[in-house]
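I open the notebook on a new model.

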Amino acid sequence: MKLFFHKISNWEYWPFQVLYTPIYFLWAYYAIKARSVFFFNASNPKIKNGGFIMESKKQIYDLLPKEHYPKTILIRENTDLKKIVSRIVESSVYFPFIAKPDIGLRGSGVKKIRNVYELSEYARKANFDFLIQDLIPFKNEVGIFYVRHPHQKEGRITGIVSKEFLIVTGDGMSTIEDLICKTPRFQLQLETLQEEYGEQLHKVLQNGEMINLVPFGNHARGAKFLDGSNLITPKLTAMINEVATKIPEFYFGRFDIMYNSFEELERGENFQIVELNGAASEPTHIYDPKHSVWFAWKELARHITYMYEISVENHKMGVPYLDYKVGIREYRLHLAQNNKIINF
């Protein structure tokens with residue numbers, strides 16, 4: 001009951017459909033103006049469906065400069081374990097690594113794989129194509145939202161979110177599970193963590209000992225999002241713009257980046273792109289607990305307006321909007337894919 005009221009009183013936990021209710025009206029307005037429900041397709045022409053639905057993460061990685069993302073292997077559904085291991089050895093990927101769906105859903109299905117047994121279990125359960133990816137060694141993560149209109153040579157950063165991972169600190173007496181239950185944000189993840197860690201959660205951590213239970217900054221997996229837009233600087237903007245303009249016809253989306261230090265990130269050193277998200281990207285700095293839902297709606301409206309403007313501009317230059325029948329078919333595939341991952 002305590003957790004229920006915590007979710008109700010903190011809008012960041014509201015269901016997606018509830019949070020976006022006012023935004024649907026704005027979307028309908030822009031769809032009427034564009035004469036296309038699926039106008040988003042034109043926002044990033046080289047990414048399938050603009051990066052809104054059914055986009056392959058591997059295909060997006062292939063658009064990025066190779067030096068800016070970790071080694072990534074695409075594993076097709078039902079691939080034999082021996083073949084998967086052979087691919088891993090050939091690619092010089094080592095345990096532990098990350099496994100995640102190629103077509104994802106807000107962090108669902110993402111898991112740190114520590115050994116061959118965990119790999120075999122993941123591959124056995126996965127009824128979808130998935131990626132195996134080197135574990136990024138850097139300790140910090142940010143989401144950087146980038147916008148550039150097609151007629152512009154340089155884009156801009158419209159928001160930054162910094163992320164606090166699901167880390168518990170021992171007191172010499174409490175089990176890991178006890179420590180999880182002390183923080184409502186973490187306790188909401190308890191069932192998932194119990195499935196993943198099992199008896200390990202009964203371990204008592206020494207005083208001051210820290211453990212990162214979810215080594216990726218995903219809000220749906222317990223990470224705390226903080227508005228880091230104050231970190232936007234001309235140097236950082238120039239660096240991100242340099243990377244973004246190397247990606248063919250990329251205009252709208254969010255870079256999720258892991259990095260060593262902010263100073264190095266500004267210089268373009270010691271960082272890797274975890275993911276590049278397209279038209280479905282959220283300006284995730286809205287989820288900072290200090291922000292009101294009114295702030296969130298304003299930011300969501302601002303960014304959807306950018307996407308609409310970019311899509312219209314590209315459309316005028318010959319980029320077609322997604323055909324309605326094709327769009328409906330893609331949306332149904334999207335729902336089916338979501339069900340696979342949710343039930344994974």
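Is the crossing of α3 and α12 left-handed or right-handed? I looked it up: the crossing of α3 and α12 is right-handed. I note at the start that this is a predicted model.

**Entry: α3 and α12.** I took helix α3 as residues 21-34 and helix α12 as residues 293-316. Their axes come within 10 Å and cross at roughly 15°. Angles under 35 degrees count as roughly parallel, so I log α3 as roughly parallel to α12. Next I listed the contact. From α3 I have P22, I23, L26, W27, Y30, K33 and A34. They meet W297, L300, A301, I304, T305, M307 and Y308 in α12. By class, I find twelve nonpolar residues, one polar and one charged in this contact.

**Entry: α5 and α6.** Helix α5 covers residues 81-91, and helix α6 covers residues 116-125. I get a packing angle of about 125°, with the axes 10 Å apart. The two helices are therefore oblique to each other. I record the crossing of α5 and α6 as right-handed. On the α5 side, L81, I84, V85 and I88 make the contact. On the α6 side, I find L119, S120 and A123. This contact has six nonpolar residues, one polar and no charged ones.

**Entry: second largest pocket.** I read a volume of about 220 Å³ for the second largest pocket. Its lining has 14 residues. Closest to the centre are S56, R76, D102, I103 and D129. I sorted the lining of this pocket by class: four nonpolar, four polar and six charged.

Technical notes. Residues are numbered from 1 along each chain as its sequence is written. This is a predicted model: local features need pLDDT of at least 70, side-chain atom pairs count only at pLDDT 80 or more; totals for chains, interfaces and linings use all residues. Side-chain values use heavy atoms; hydrogens and water are left out. Axes are lines fitted to C-alpha atoms, for helices over the stretch in contact, and angles run from 0 to 180 degrees between N-to-C directions. Helices (H or I, at least four residues) and strands (E, at least two) are DSSP runs, numbered from the N terminus. Angles under 35 degrees count as roughly parallel, over 145 as roughly antiparallel, 65 to 115 as roughly perpendicular and the rest as oblique. A crossing is left-handed if the near helix is turned anticlockwise from the far one by less than a right angle, and right-handed if clockwise. Contact means heavy atoms within 4.5 Å. Ala, Val, Leu, Ile, Met, Phe, Trp, Tyr, Cys and Pro count as nonpolar, Asp, Glu, Lys and Arg as charged, and the others, Gly among them, as polar. On a 1 Å grid over the protein atoms alone, a cavity is a set of points where a 1.4 Å probe fits but cannot get out, and a pocket is an open set with protein on both sides within 12 Å along at least five of seven lines; lining residues have an atom within 4 Å of a point. Grid points are joined across faces, edges and corners, and a volume is the space filled by probe spheres set on the points.
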